[in-house]
Structures are given as C-alpha cells and as structure tokens.
Amino acid sequence: MTLEPISAESNLVEIIESFMKKAEKYLSVYYKGATEYSHVESILGDIDALACLSDAKALYLEFHPEEEEKELEAQFKAVQAIELMNASAKDWALASK
C-alpha cells in the first residue's frame, strides 16, 4: 500500500468541513435566539482562520504544476549563481595572497 501525500485541495476540504460544522452550530444557536456576543466573536474568528489556514499558493501550484517547475528552476539557478559567486570570491582571495 502506497501512502499519498495530502494535497492542498484535500487540506482545504478538511478546513471547510470543519468550518461548516462550527457554522451549523452557530446557526443553530442563532435560530434558537440564544446568540451572545461570544458566539459572534467565535464564528468571526473561525472565518478568519478559514482564510489563514488554507494555502492559496499550494492550491495554485497543484492546479498549475508548470508554475512549480518554473519556481524550482529559478531557485536552482539562484543557488548556482551564489555558488559561482562564492567560488569566484575564493579564487580572488587565493590570487591576492
């Protein structure tokens, strides 16, 4: 049996499902006419958390894999440039001795 990594979309679905349970609980209290400010504060916090917990960049890359490839290539080139600068600095230091 092979374990698959959890996708950003699966993670988003779990976050939404969790939020929906909290929202249904809030609505139940609301329709009973028993809402207090603490309930409002709680559901607003859950709404904020909904946006914060979802990883928009990971979701975008899941649906646009070519972008991830471009990003990795850019990172690789940046590392190569740093290594080249470090090698040049070492060569310069040795030559100036």
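Residues are numbered from 1 along each chain as its sequence is written, and side-chain values use heavy atoms, with hydrogens and water left out. Because the model is predicted, local features need pLDDT of at least 70 and side-chain atom pairs count only at pLDDT 80 or more, whereas totals for chains, interfaces and linings use all residues.

**Confidence**
- The chain has a mean pLDDT (the predictor's confidence in each residue, from 0 to 100) of 85, and 95% of its residues reach 70 or more.
- Among the elements of the chain, H1 has the highest mean pLDDT, at 92, while helix H4, residues 65-95, has the lowest, at 79.
- Where pLDDT is low, the predicted coordinates should not be read in detail.

**Position and exposure**
- Tyr30 lies in helix H1, which covers residues 8-31, and Tyr31 is placed in helix H1 as well; helices are DSSP runs of H or I with at least four residues, numbered from the N terminus.
- Tyr30 has a relative accessible area of 47% and is therefore partly exposed, whereas Tyr31, at 66%, counts as exposed (buried means under 20%, exposed over 50% and partly exposed in between, with a 1.4 Å probe and protein chains only).
- From C-alpha to C-alpha, Tyr30 and Val40 are 9.5 Å apart in space, and they are 10 residues apart in sequence.

**Aromatic pairs**
- There are 2 aromatic pairs, where rings of Phe, Tyr and Trp (its six-membered ring) pair if their centres lie within 6.5 Å, with planes under 30 degrees apart counted as stacked, over 60 as edge-to-face and the rest as tilted.
- Tyr26 and Tyr30 form a stacked pair, with 6.5 Å from centre to centre and 20° between the planes; because these residues are 4 apart in helix H1, about one helical turn separates Tyr26 from Tyr30.
- The ring centres of Tyr30 and Tyr31 are 5.3 Å apart and their planes stand at 70°, so this pair is edge-to-face.
- Tyr26, Tyr30 and Tyr31 are linked into a cluster by ring pairs.

Methods
Helices (H or I, at least four residues) and strands (E, at least two) are DSSP runs, numbered from the N terminus.
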